[in-house]
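Here is a quick tour of a few local spots in this model. Have the viewer open as you read.

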Amino acid sequence: MAATDLQERAILPVEVKPIDYDLSLFDMDFYRALSYSGLVKITLDILEATSRIVLNSSNLNVAAAHVLLGDRTIPAIAIVCNEEQQQLRLSFENEIPIANSVLLSIHFQGFIKDSLSGFYQSKYRPASEPSPATPSDGHGYLMFSTHFESSHARTAFPCFDEPSLKATFGLTLEIPESLVGLSNMPVEEIQSVPGSPGCKIVKFERTPRMSTYLLTWAIGDFEYVEDFTVRAYQGQRIAARVYTTRGLATQAHFALEHVGPYIDYFSKLFGIDYPLPKLDLLAVHEFARGAMEGWGLATFRLAALLFDEKTSDPMNKTRIAYTIAHEISHQWFGNLVTMAWWDDLWLNEGFATWIGRVAVDHLHPKYDIWSLFSCDGLQLALGLDSLSSSHPIKTKVGHPLDVDQVFDAISYIKGASILRMLAGHIGQDKMLNGVSSYLKQHSFGNSTIENLWDHISHSYGQDVSVMMRNWTEQMGYPVVKVDEADGQVNVHQSRYIANRKNETSMSGESMWWIPLGFHGTATKAEFSSPQASIQTPNVAIIKLNSDNLGFFRTQYSPHLQQNICTHLRQLSAPDKIGLIADAAALAFSGHSKTSDLLSFLQNFQEESNHFVWRQVRESLTRMSSIFADDDTIIAGLNAFTLELLAFQLKTISFQTGFSTDFSVIQRNAILYEIAGLNGEARITNEAKRLFKAYISADDNIIISPSLLGPVLSIAIRNGDDIAYNGLKSKWKTAVLSSEKEIILRALCHVQQEEILPDLFNFVLTQVPAQDILIAATELGQNREVRGLFWELVKVNFDAVTTALKGNPTLIERCLRATLEGFSRRDIVTDMEGFFMNKNIQAYDRMLENVKEAIFALAGYREREEESVRGWFLQHRAQNK
């Protein structure tokens, strides 16, 4: 590692190295002060003689510290906490000599937070009668859990809070007798507390060597469902449990069905047995992200883990199956082997995002996970990486507190995409052989991307780092222009930029290695120069990027595009999704015309795949958002959308929403929603009827769970304040977290600005912090009220940040969702003025992304508005 890299990082001094932690937490006050006392004993190796020990600490009161060296106790003569640097400096009168197994003891007081990070509380309404000792604040009951990634372990106890400073951990918790304590490892013993009836001491077995951010514990009124792996590990099957607060365990069975099979699957896939004696999954009522991969105890937001077979939307099964696969894959890739520093965060998250979907595809091929990836995640990453303000996958992180901004679509989705692209080219078996070798060599240690490339290269027989270097070290991706003449396919690559005015400044960018992936042939073709000519393969159509495996966009010459249109039936759903997404992106960026996109979409009227229709919807919704204030274009878009749907609406009955065929369920739901939100009279009226039955709890009318979201959204979009208030009341009584999410999304389809202040207040005062992002996303895309929504956010900014519990991740994501739908330049000026005197360190990168995206959309609108309006007027005249 280069010395300059180390100098740019805010890392701890290197005189000492942690080996083991023995952490005890006691005197927990769950009711008033929300505080606890702690004693941490850290076994250290002293690598250089020193009179100081510096470790991480934040918002902790450190009372005393001493070092035990042999039989000598050496007290710290000065204890200095630097909150800006989040460091604790312990000074000693004399130098501590080089030695092994020196014991550092620190007495401290900590605080249970309300910020969805560190050691924090979650408030909930119990599904059944809680145990008598369950803490309550008078407004709800409380559970307690940790979320330490990336650098929040230091807020719970003094520690060496860097990913490369791995150690083993012993944990002891003093908790109320009727509550359950969980941690990474099984319980070793439970003891009573002398003089404290009603309390118990729970001691957990020692963990393997791991990073501080993976240490996890939870305390609450928990129950569980249990199963075991099919395979035996060291003679015993591994216990798999899903924990919930009391009354919710009946919703945990679908999740439980996946834990054991995934443990067995990844153990075989990686050639390394799962190394812990158990794996617990815990549903946490308030959670900033989707889930967290604590080793042996993974934590999840409720909607990503719980499923009710009678009332939950069947499509949520895909979300749950994938999220569990993602977190369980981390038990090897991320936990067993961890990135050396946060600039390789993508190595953890990109890999888990890819291999998690490989596991879902193995267990549930009917979920069509790669089509979902193509139309959702992949397009999100391509959109973000089309900005000149994007960042490379491997990006410099000077301070661990800055890493939260790179938990984004680049690290997760682009990272996954380039791994998938490489696996598609060299073969998944060779890829995974290299991964297995890599994991075995670096087990219980740390690594870099170069280590992974070395092992995959050895498996493949060629140096893949040469292929992949520009994909990881420079931002962006190419657009490949394709033509064919004289038996040659001619390809040309250049960086794709959403705002073509920025292309000049990007002209010096390097080229990418691109596997072309011709459809219909196993022949490998690739190029890494600005342009190349390749012999035309013996195929019916010239279609690159087969199955949408590559992270690039493709622009075909007119005659090749026309040939593709005549052979669409031969293409996979991911192929079609990629073609639609590329056509839209090329139109929005000025590489082609909107008329080309609209004409192309007319070829999909008989399409039956749900995910292809999702991509059609996304393209048309984006146009609707951009041209929101042009009534002619909006009317034209609505009519055009219903034209596209006409064939499908004639051939299906929405009563088949009750079908057991997963693809039929998905298709019907998306078509119902698109038609209803675009004003199709029959569906709109039916949605209103079903909505009334839902509000009145009419048991004689049953709504298919897959259609509940579309029904509620259509009804609110076409409803009044009575409908709005009725649905808001249903949110308050709904028990399922997934149902609450559906209701909240629907509420945000309101069209009346006079209702918005009440909805805004409701979201800030009653909706859990993590779900405020749902509201921000929906309202930010609601063209009728998003302007007023942004005004309310500005006027009430302190209240917004308080409602989001000051959590930097939630604040960043909610602001992005609020702003990224605008396509007016004056919004950028407004943003700059509003944020001028605010501390934007936690989301400065995001603001630059949003400003650039708005300029790109504004440029598109100004460039195309007149011609798009003319296209719709002409189309209407031709179809009279």
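Two strands count as paired if DSSP finds at least two bridges between them. Helices (H or I, at least four residues) and strands (E, at least two) are DSSP runs, numbered from the N terminus. Keep in mind that this is a predicted model: local features need pLDDT of at least 70 and side-chain atom pairs count only at pLDDT 80 or more, while totals for chains, interfaces and linings use all residues. Residues are numbered from 1 along each chain as its sequence is written, and side-chain values use heavy atoms, with hydrogens and water left out.

Let's start with a hairpin. Strand E16 (residues 222-233) runs antiparallel to strand E17 (residues 236-245), and nine bridges join the pair. Tyr-233 sits opposite Gln-236 of E17. Two residues lie between the strands of this hairpin, and Gln-234 takes a positive phi near 50°.

Is Ser-457 buried or exposed? With 11% relative accessibility, it is buried (buried means under 20% relative accessible area, exposed over 50%, partly exposed in between, with a 1.4 Å probe and protein chains only). Its side chain makes polar contacts (pairs of N or O atoms within 3.5 Å; within protein, one must be able to donate a hydrogen and the other to accept it, and residues adjacent in sequence count only if both atoms are side-chain atoms):

| Ser-457 side chain to | Distance |
|---|---|
| Trp-453 backbone oxygen | 2.7 Å |
| Val-464 backbone nitrogen | 2.9 Å |

Leaving aside residues up to four places away in sequence, Ser-457 is in contact (heavy atoms within 4.5 Å) with Gln-462, Asp-463, Val-464 and Ser-465.

On to helix H11 (residues 558-566), where Leu-560, Ile-564 and Cys-565 are buried. They share one side of H11, because they span an arc of only 145° around the axis (taken from the directions from the helix axis to the C-beta atoms). An α-helix has 3.6 residues a turn, so residues three or four places apart point the same way. Pro-558 and Thr-566, on the other side of H11, are exposed. The cover over the buried residues of H11 includes strands E23 (478-485) and E28 (553-556), plus helices H12 (573-589) and H13 (594-601).
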